[in-house]
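Subject: The structure I promised you

Hi,

Here is the structure we talked about, ready for you to open. Have a look at it first, and then read on for what I found.

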Amino acid sequence: MDYDYIIIGTGAGGGTIAHKLAPTGKKILILERGDFLKRAKENWDPAAVFVDGHYNPGEMWLDKEGEEFEPGTHYYVGGNTKFYGAALLRLREKDFEEVKHYGGTSPAWPLKYKDFQPYYLEAEKLYSVHGKRGEDPTEPPEKEPYFCDPVSHEPPVQKIVDRLKPHGFTIFHLPVGIRLNEKNSEKSECIRCDTCDGFPCMVDAKADAHTTCIRPALSHDNVTLITGAKAEKLIEDNGKIVAVEVIKDGKTDRFTADKFILSCGAINSSALLLKSGVANSSGMVGRHYMCHNNSAIVAISKEKNPTKFQKTLGINDYYYGSDDSELPLGHIQLLGKVKPEMLKGDAPAITPEIALEGMADHAMGWWITSEDLPDPENRVTVSDSGQIQLSYTENNLEAHKRLYEKLVDIIHLSSPTTHIFPNSLYLRKKIPLAGVAHQVGTCRFGTDPKTSVLDIHCKAHDLDNLYVVDGSFFPSVSGVNPGLTIIANALRVGDHLVG
Ligand SMILES: Cc1cc2nc3c(=O)[nH]c(=O)nc-3n(C[C@H](O)[C@H](O)[C@H](O)COP(=O)(O)OP(=O)(O)OC[C@H]3O[C@@H](n4cnc5c(N)ncnc54)[C@H](O)[C@@H]3O)c2cc1C
């Protein structure tokens, strides 16, 4: 046996479990198809990141009609956390239960909030999450405060808070994972810039899986990382995975281990399992793909918005419903700073560049998330030529429509000056199929091997030694960003393995 553990993928799931297992002294191999992301000017260049797709893998997937599209995903050490907005929220207690929605019912999880609670706390500490307990009425119970103070609002954001509070909104500091010290700038790695959400961090101050987990894991002699190594196939023998076949620099290699931990992201992990023909006696691998109903909304007001670090505010007043809705609507948060380049694709075609700059100067970006429900027909498959196919039909859109209408009211209340543009010109973009940032659900965990792929320890029901710790395991997606739950779950599975 070459290794005790082989971990495939270095994102939120893989990076975190590598960090957990590294101090055990076990011989660990980490395989990552991407390379280290180079520190370069492009890191913070909105044109490079948002227009030129500098960091996109250039891979094409198929939609349900067989049309090609380029997925918005990233293959680097640290995975998609290199680019994430680091809004790290716990699922709400009720998210672990069966919940009725406009589009159907989201299923109960086999484990409950109390099973995740200690790992959420560990995850918040590890990923330097800044926040304030007690502000968000929907937050799940936790006795311990956050380890880091909440990130303060800049004046334009504080103005929103001040204007909304008299209307009864309970606004909270969005929990974010950055290494910021507002009390002592000498000790702050984060410089509080306007290129965080969606950008890789040039000063390594974002708590991503690379800087937070992989880097310290590699300081242990027992841990080896091979980059540019794409896992192509898992080889099964007698109810166990015995080897992984990897392509690096055009050459195929095989590595053996006692245990394999798959964490390629929900889409790539299920594609690898399907290509390998393993762990799928239930026929559930690749099914129940979820990605949230997400929309980015840019509101342009007469007031200038000089905010730099804008992702500090969250609103969950409509998470479980509203005065006029008994059913859940979802979560609202601010987006990172809006740049002219981000508006390019969405503004009317005649808008000149200078106007885009003016718009961005006056823009406040919002992000709304509603739950999409697990549907077995929303699924990942692999074509005969090995290409990933993502078949997805949106659902539960009524909740999202209603949440959008609530946000429009919020925008009016929070920015009462006449808007330069009529309402119809709130630039609203429902995130399309290619927006796979919140991908989860393709190998859900459960107690019944007929209806789930993984058991409650995220071990494949069918195999003695294969674990999956990326976003695949989610039975439902909830209404909040998935990152912290993926991290907490990787810590939980890591604990199980160590134990
Ligand atoms: C722009 C953006 C903003 C986001 N903002 C937030 C946010 O604010 N809050 C939040 O909670 N979430 C956010 N997310 C989502 C978050 O980043 C993901 O939920 C999280 O990274 C998923 O973790 P994972 O381990 O499942 O997969 P990933 O992080 O995607 O990691 C998968 C890893 O596996 C590697 N890999 C894939 N296939 C193979 C293979 N065959 N062989 C070897 N390696 C392979 C990949 O290169 C990658 O490193 C955002 C995502 C994006 C893209």
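In helix α1, the buried residues are A12, G13, G14, G15, T16, I17, A18, H19, K20 and L21. The helix is mostly covered, with 10 of its 10 residues counted as buried. What packs over them? The cover includes the strands β1 (3–8), β2 (28–31), β10 (223–226) and β13 (251–262), together with the helices α5 (209–217) and α10.

Please keep in mind that this is a predicted model. The mean pLDDT of the chain is 95, and 96% of its residues reach 70 or more. Confidence is highest in α1, at 99, and lowest in strand β20 (residues 427–430), where the mean is 78.

Now to the overall fold. The chain has 10 helices and 21 strands. Along the principal axes, the C-alpha atoms fill a box of roughly 70 × 50 × 50 Å. Of the 499 residues, 52% are buried.

The shell around the ligand holds 39 residues, of which G9, G11, G79, D470 and G483 come nearest. Two or more residues of this shell come from each of α1 (12–21), β11 (229–237), α6 (266–276) and α10 (483–498). Sorted by class, the shell has 17 nonpolar, 18 polar and four charged residues.

The loop between β1 and α1 contains T10. Is T10 buried or exposed? T10 has 34 other C-beta atoms within 10 Å, and the cut-off for a buried residue is 20 or more, so T10 is buried. Leaving aside residues up to four places away in sequence, T10 touches G15, I30, E32, V77, G78, G79, A209, H210 and I214. T10 and I226 are 216 residues apart along the chain, yet their C-alpha atoms are separated by 11 Å.

On to the packing. The largest nonpolar core has 138 residues, and the members that touch the most others are I6, A18, I28 and W366. Helix α10 gives this core its largest share, eight residues. In soluble globular proteins, nonpolar side chains tend to be buried together. Apart from residues up to four places away in sequence, W366 touches I297, A299, I332, L334, L335 and L407.

- K233 lies in strand β11. K233 has 17 other C-beta atoms within 10 Å and is partly exposed. Beyond residues up to four places away in sequence, K233 touches E245, K275 and S276. K233 and V246 are 13 residues apart in sequence, with 7.2 Å between their C-alpha atoms.
- H288 sits in the loop between α6 and β14. With 29 C-beta neighbours inside 10 Å, H288 is buried. Not counting residues up to four places away in sequence, H288 touches P374, D375, P376, N378, G441, T442 and R444. From H288 to I300, 12 residues along the chain, the C-alpha atoms are separated by 37 Å.
- A279 is in the loop between α6 and β14 (293–300). A279 is not a glycine, but has a positive phi of about 65 degrees. A279 is buried, with 27 other C-beta atoms within 10 Å.
- A86 is in the loop between β4 (68–69) and β5 (99–101). A86 also has a positive phi, of about 60 degrees, although it is not a glycine. The 26 C-beta neighbours that A86 has inside 10 Å make it count as buried.

That is everything I wanted to pass on. Enjoy exploring the model!

Best wishes

Note on methods: Residues numbered from 1 in each chain as written. Predicted model: local features only at pLDDT ≥ 70, side-chain atom pairs only at ≥ 80, totals over all residues. Near = placed C-beta within 6 Å. Helix = DSSP H or I, 4+ residues; strand = E, 2+ residues; numbered from the N terminus. Nonpolar A, V, L, I, M, F, W, Y, C, P; charged D, E, K, R; others polar. Buried ≥ 20, exposed ≤ 12 C-beta atoms within 10 Å, placed from the backbone. pLDDT = per-residue confidence, 0-100. Core = buried A, V, L, I, M, F, W, Y, C linked by C-beta atoms within 7 Å. Contact = placed C-beta atoms within 7 Å.
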